Amino acid sequence: MPEIKVTPLGAGQDVGRSCILVSIGGKNIMLDCGMHMGYNDDRRFPDFSYITQNGRLTDFLDCVIISHFHLDHCGALPYMSEMVGYDGPIYMTHPTKAICPILLEDFRKITVDKKGETNFFTSQMIKDCMKKVIPLNLHQTVQVDDELEIKAYYAGHVLGAAMVHIKVGSESVVYTGDYNMTPDRHLGAAWIDKCRPDILISESTYATTIRDSKRCRERDFLKKVHETIERGGKVLIPVFALGRAQELCILLETFWERMNLKAPIYFSTGLTEKANHYYKLFITWTNQKIRKTFVQRNMFEFKHIKAFDRSYADNPGPMVVFATPGMLHAGQSLQIFKKWAGNDKNMVIMPGYCVQGTIGHKILNGQRKLEMEGRSTLDVKLQVEYMSFSAHADAKGIMQLIRMAEPRNMLLVHGEAAKMEFLKGKIEQEFSIDCYMPANGETVAVTTNPSVPVDISLNLLKREMALGGGPLPDPKKPRTMHGTLIMKENSLKLVSSEQALKELGLNEHQLRFTCRVQLQDPHSDSDTLHRIYTHLKSVLKDYTIQHLPDGTVMVESIVIKVSSSAEDANAKVLLLSWSYQDEDLGSYLSSLLKKGLPT
Ligand SMILES: [Zn+2]
């Protein structure tokens with residue numbers, strides 16, 4: 001039986017370093033190529049030696065597909081293509097292709113220029129890598145080669161995020177990347193066709209969460225920010241440059257306007273301008289409200305939110321600062337955090353998920369003494385708040401997507417093992433399908449039933465139509481069609497047996513089944529035969545029954561002969577013989593005649 005195999009090299013029972021290998025119909029596809037933000041060593045990137053020890057990856061992979069620009073989904077791409085070596089096609093949407101290299105360059109700067117790491121990809125490598133990228137449009141089927149096709153669907157989450165449907169023949173897999181089933185202030189909700197894939201590979205970041213209404217969360221967020229600045233404190237909101245940042249800026253801007261607040265709001269990164277540029281450029285990827293508003297003014301040019309300069313962090317008085325990156329693992333958000341952490345009037349609001357190993361993850365788990373570089377410890381006195389604004393599907397959303405796509409099997413990645421276990425139980429119970437959650441390096445194999453196309457000869461169809469009593473097939477009454485399956489020039493054809501003989505240049509051999517039936521019947525042979533004839537005539541109304549002059553009765557292809565028994569003068573021996581086509585009728589007749597003839 002053919003199989004589809006799925007092996008996560010990253011994001012197996014974990015969040016971070018998403019990289020999933022899929023083997024389908026003889027094709028090998030890599031889904032995402034991310035880095036892990038919780039590690040600074042080898043574990044940062046997927047272990048590509050799993051694919052090949054010394055050969056080039058190009059020989060083993062048919063294509064790479066990147067779901068969106070977050071670094072845990074694309075951060076290892078230049079390393080894989082330029083340092084390990086891959087020259088095949090890389091697919092991603094237009095916005096991802098535009099934004100991905102900016103974030104990769106930013107990541108490289110922090111790692112190489114600030115932390116001084118060597119053996120890392122260079123700016124030139126990022127450029128060379130991006131040259132291998134083929135952009136995808138939504139809902140457009142792209143033929144990777146003669147057999148492998150892919151199609152992208154809107155995933156919400158961040159600008160340009162896509163789910164992808166991968167198809168070889170009748171076998172298919174859907175990979176969600178990160179997605180959001182509810183629209184937010186700047187993006188729409190994820191959507192997919194009822195494509196019934198063999199496997200749906202879904203993220204499960206919030207597998208056990210059913211989030212309260214968005215309005216409640218927003219009100220809560222504004223209240224906390226407001227209270228902090230009222231008492232003269234500073235609010236730090238670590239964000240990623242694109243995505244939640246724009247979402248929360250829109251929220252604060254509106255609130256400041258309505259409440260007539262004066263405390264300054266800053267956005268820390270030079271990426272903002274670029275970000276706004278890309279939102280404008282890819283406006284069709286945002287939601288309808290933003291699209292309409294953009295006609296009047298740029299939604300992302302704010303009245304109350306100004307560019308941040310690092311010297312502002314020491315200014316007295318209240319302020320709100322958005323700073324990157326979102327998990328407090330490096331860069332400006334971490335620098336500001338260190339400055340403000342000692343004051344209990346201040347607050348840090350974590351608006352998204354933080355992977356294990358990051359400062360964000362530590363403080364969210366209640367750690368208040370942090371080991372910093374150079375053996376110093378940092379006392380965390382400021383208030384730590386977590387508000388889930390990250391645009392991932394929650395448990396309800398994941399179930400909703402399953403209902404939408406109707407997969408035959410489910411496979412969870414990008415989540416924590418314990419939470420996956422819970423969701424797996426729920427999915428198996430509600431949908432009666434198998435749900436897998438492989439760890440990194442573990443392979444799941446799912447057997448498939450691919451359909452095989454067969455040509456049917458016109459003659460055979462005409463004959464079948466004549467038998468069926470009408471030209472139109474009735475979908476409610478499936479029928480078995482008899483014919484000979486021949487394979488010629490790599491294609492399959494169903495033809496009549498006569499045509500098969502002709503095409504293959506073979507002689508016909510007839511195979512007949514025979515059977516003897518003993519009958520107590522003290523009459524002459526011809527009399528017995530005649531009574532068999534009348535008996536069958538009355539029982540089998542729709543069949544052709546003939547009494548032939550050579551002393552036989554024929555029902556379709558079945559021949560019945562009568563002879564006297566050698567041992568018993570009152571007994572008769574009936575000889576039945578039939579061809580393969582009348583197998584059912586033949587065995588029916590033999591059991592009917594065994595019961596005897598009516599007197
Ligand atoms: Zn993401």
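Analyst: Here's a walk through the zinc site. This is a predicted model, where local features need pLDDT of at least 70, side-chain atom pairs count only at pLDDT 80 or more, and totals for chains, interfaces and linings use all residues. Residues are numbered from 1 along each chain as its sequence is written, and side-chain values use heavy atoms, with hydrogens and water left out.

Four residues coordinate the zinc ion at 2.2 to 2.3 Å: His68 through NE2, His70 through ND1, His157 through NE2 and Asp178 through OD. Donors here are N, O and S atoms within 2.8 Å of the metal (3.2 Å for Na, K and Ca), and water is not among the atoms, so sites may look incomplete. Along the chain, the donors of the zinc ion are spaced H-x1-H-x86-H-x20-D.

His70 comes from the loop between β4 (63–65) and α1 (71–74), while His157 is in the loop between β8 (148–154) and β9, so this pair ties together parts 87 residues apart in sequence. (Helices, H or I of at least four residues, and strands, E of at least two, are DSSP runs numbered from the N terminus.)

The angles among the four donor atoms run from 93 to 164°, and the site is irregular. That label is what's left when four donors are neither tetrahedral (all angles between 85 and 135 degrees) nor square planar, and six are not octahedral (for both, opposite donors over 155 degrees apart and all others between 65 and 115).
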